[in-house]
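Hi,

Here's the structure I said I'd pass along.

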Amino acid sequence: MQKNQEKNKSRGIGFIYPKKPSGKLYSYRKWVSYVLLACLFSFPFLKFRGEQLVLLNFIERKFVFFGLLFTPQDFFLFALAMLIFIVFIICFTVILGRLWCGWLCPQTIFMEMVFRRIEYLIEGDANRQHKLDAQEWNAEKVMKKLSKHLIFLFISFLIANLFLAYIIGSDHLYKIITEPVNQHLSGFLFIWIFTLVFYFVFAYLREVVCTVICPYGRLQGVLLDNQSLVVAYNVNRGEPRSHLNKNADQPRGDCIDCGLCVQVCPTGIDIRVGTQLECVNCTACIDACNEVMLKIGKPKNLIGFFNNDYIERNIPFKISFKSYAYAALLFAMLLVLSSLVYRRQLVQTTVLRASGTLFQTRPNNMVSNLYNAEFINKTNKPIKFVFRSKNKSDQIQFIQNTTQLPGEGTVEITFFLIRKTSDIKQYKSDAKFELLVDNEVISTASTTFFARPN
Ligand code: SF4
Ligand code: SF4
């Protein structure tokens with residue numbers, strides 16, 4: 001690693017200039033990133049049941065996932081889903097190391113599969129980029145740098161718009177873009193702030209996000225164990241390394257010290273030193289080394305996916321007890337979440353006794369309690385409903401009533417629940433209610449009814 005860092009310093013640059021990767025794993029990564037980019041760019045603009053496919057509106061605490069609308073009242077579901085995501089990442093990391101970073105993380109996908117590839121296209125491979133940076137400013141350098149940075153800025157602008165489409169919704173974003181700027185000054189400002197942030201991240205900050213800023217990378221030391229699969233150099237097979245034809249009479253390992261694995265590394269490390277926090281498991285070094293092994297007629301995977309126990313003690317990979325424990329926890333949490341989502345009512349009904357009231361005796365041996373009810377529509381469509389007591393012998397006398405519930409809206413009503421005194425067996429009894437839409441009960445609520453028994 002030290003050697004590599006010195007190399008970078010000797011280039012007189014602040015950045016790492018990784019060599020353009022190629023190989024089987026890189027082409028798999030390309031396909032994975034195409035699919036993920038297609039999903040990422042289409043989800044906020046596709047509609048399902050009148051809502052965009054995925055919306056993460058933290059400002060209004062409104063979340064939409066594939067037709068399921070979650071309102072502020074469902075925030076606990078969202079919190080649980082976030083917890084599940086964290087446990088999933090932990091479980092994934094314990095078994096497969098930092099594969100998420102290299103293959104699925106949006107930062108890496110945009111950096112390696114979009115920005116870096118544009119850079120290769122305009123400025124050429126690592127050596128040519130280095131030469132271009134070192135040379136005096138001339139027409140060629142101005143043209144290349146200008147076109148690269150203008151394209152970077154444009155893509156950052158697209159990403160900023162995409163980001164806002166997830167946060168405020170694509171319809172709102174469309175208004176910001178199409179209506180006069182003075183009507184959406186803050187929205188317009190945010191688009192440009194995010195554009196500049198993304199531009200700075202992808203044009204200058206780059207791998208520093210993964211190696212220094214991202215807290216997930218820092219967690220590796222805690223999460224990885226000797227059975228975790230990580231990108232690693234098989235030191236037993238590779239060492240002692242030496243250049244081809246040198247020390248031909250000495251015993252030597254398979255590593256010919258060509259340095260290609262270091263040159264392709266986007267975080268600038270030498271994987272031969274051992275597992276390092278900076279390694280994002282992008283697998284570029286595996287591809288590079290496999291090509292070398294092929295050329296010198298040695299078996300592939302001198303660098304590969306290995307667990308530490310395999311390299312050090314030849315113990316093959318097996319899923320550890322810790323991984324099973326995380327998987328069991330993940331499964332249990334998923335079960336809880338699915339059952340909560342399945343049992344979730346489309347209208348949330350809350351009935352509370354009116355404060356400061358007890359019960360009212362009425363003529364004809366009747367007694368009543370006063371209640372307030374609130375209905376929250378968790379769909380985006382208006383609902384016409386009927387509210388009634390579950391107990392057929394109870395009567396309801398509305399003081400303030402409505403039968404219309406607006407989409408994503410809330411209404412309140414006030415009513416008396418009237419009961420025959422002959423039905424009162426104890427001072428405190430149950431009062432159950434149901435809300436019907438098209439004769440189907442879609443929501444229920446229960447509270448208490450107070451009355452002096454006969
Ligand atoms: S060491 Fe290999 S897998 Fe790790 S970041 Fe560098 S190139 Fe990618
Ligand atoms: S690419 Fe393979 S052979 Fe070349 S230096 Fe790296 S480990 Fe050694």
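This is a predicted model: local features need pLDDT of at least 70, side-chain atom pairs count only at pLDDT 80 or more; totals for chains, interfaces and linings use all residues.

Helix 15 is the top contributor to the shell around ligand 2, giving three residues. Helix 15 spans 284-295, and along with helix 14 (260-263) it is one of the helices that supply at least two residues each to that shell. (Helices are DSSP runs of H or I with at least four residues, numbered from the N terminus.) There are 15 residues around ligand 2, and C255, C258, L260, C261 and C289 come nearest; "around" here means a C-beta atom, placed from the backbone, within 6 Å of the molecule. By type, the ligand 2 shell has eleven nonpolar, two polar and two charged residues. Nonpolar covers Ala, Val, Leu, Ile, Met, Phe, Trp, Tyr, Cys and Pro, charged covers Asp, Glu, Lys and Arg, and the others, Gly among them, are polar.

Ligand 1 has 14 residues around it, with C265, I271, C279, C282 and C285 nearest. The ligand 1 shell splits into eleven nonpolar, three polar and no charged residues.

Now for Y120, which sits in helix 5 (residues 106-123). Y120 counts as partly exposed because 17 other C-beta atoms lie within 10 Å (20 or more would be buried, 12 or fewer exposed). Beyond its neighbours within four places in sequence, Y120 is in contact with K20 and D125, contact being C-beta atoms within 7 Å.

Residues are numbered from 1 along each chain as its sequence is written, while chains are lettered from A and ligands numbered from 1 in the order written.

Cheers

Conventions:
Two residues are in contact if their C-beta atoms, placed from the backbone, lie within 7 Å.
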